[in-house]
Amino acid sequence: MEAVRERELEIHRSMRRRGRRFMGLRKLARQRWSCVAKSVEERFTVAPKHAASSKGRVRVEIARDREWERQYAEARALLLAGKPAVFPAGTYWLRRFAGVSVAGQAP
């Protein structure tokens, strides 16, 4: 316990030198549960869209997505032109709420 307390004090001194403050147990206990943190941390950064164990598999996923997007764009162009269109599988919202035709699920 002494070693832990000494390490805590070392961190407190380090933070004080950098112009930062350390919230102790009493202040933490008095803090309201609904308070928002005052520090702004970087969040919601760009996350990779594709992940796989090899670059080859990532390329296959990217090619599959590009093909799906191409099919979707063609179907949307037909729909906007007033012609019958069949959207690729995975177009749930349009099928459910806009009543468009959607191709069967891919194997």
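First, the conventions. The model is predicted, so local features need pLDDT of at least 70 and side-chain atom pairs count only at pLDDT 80 or more, while totals for chains, interfaces and linings use all residues. Residues are numbered from 1 along each chain as its sequence is written, and side-chain values use heavy atoms, with hydrogens and water left out.

I start with salt bridges. The term here means a side-chain nitrogen of Lys or Arg within 4 Å of a carboxyl oxygen of Asp or Glu. By that rule the model has seven salt bridges. As background, side chains of opposite charge can pair when their charged atoms come close.

One of the salt bridges joins arginine 7 to glutamate 10, with 2.8 Å between the closest N and O atoms. These two residues are three apart in helix α1, so about one helical turn separates them. Helices are DSSP runs of H or I with at least four residues, strands are runs of E with at least two, and both are numbered from the N terminus. For exposure, buried means under 20% relative accessible area, exposed means over 50%, and partly exposed is in between, with a 1.4 Å probe and protein chains only. Arginine 7 has 45% relative accessibility and therefore counts as partly exposed. Glutamate 10, at 40%, is partly exposed as well.

Now to helix α3. What links Glu67, Arg70 and Glu74? They are linked in a network of salt bridges. On one side, arginine 70 pairs with glutamate 67, the closest N and O atoms being 2.3 Å apart. On the other, arginine 70 pairs with glutamate 74 at 2.4 Å, N to O. Glutamate 67 is three residues from arginine 70 in helix α3, which means about one helical turn between them. Glutamate 74 is four residues from arginine 70 in helix α3, again about one helical turn. As for accessibility, arginine 70 is partly exposed at 38%, glutamate 67 is partly exposed at 32%, and glutamate 74 is partly exposed at 44%.

Next, the histidines. Histidine 50 lies in the loop between α2 and α3. Is histidine 50 buried or exposed? Its relative accessible area is 19%, so histidine 50 is buried. Which side chains does it contact? The side chain of histidine 50 makes a polar contact of 3.2 Å with the side chain of glutamate 61. A polar contact is a pair of N or O atoms within 3.5 Å; within protein, one must be able to donate a hydrogen and the other to accept it, and residues adjacent in sequence count only if both atoms are side-chain atoms. The side chain of aspartate 65 also makes a polar contact with that of histidine 50, at 3.2 Å.

Histidine 12 sits in helix α1, residues 2-17. With a relative accessible area of 18%, histidine 12 is buried.

Patches are made of residues with over 30% relative accessible area and no salt bridge; like charges are joined within 9 Å, and nonpolar side chains (Val, Leu, Ile, Met, Phe, Trp, Tyr) within 5 Å. Accessible areas come from the Shrake-Rupley method with a 1.4 Å probe, and for residues only the protein chains shown count as cover. Lys and Arg count as positive and Asp and Glu as negative, while His and the chain ends are not counted. A charge is placed at NZ of Lys, CZ of Arg, CG of Asp or CD of Glu.

Which residues form the positive patch? They are Arg21, Arg26, Lys27, Arg30 and Lys38. Lysine 38 is in the loop between α2 (25-30) and α3 (55-80), and lysine 38 is exposed, at 83% relative accessible area.

There is also a nonpolar surface patch of Met23, Leu25 and Leu28, with about 320 Å² of accessible area together. Leucine 28 belongs to helix α2 and is partly exposed, at 46%.

Last, glycine 104. Glycine 104 is in the segment after β2 (101-102) and is exposed, with a relative accessible area of 60%.
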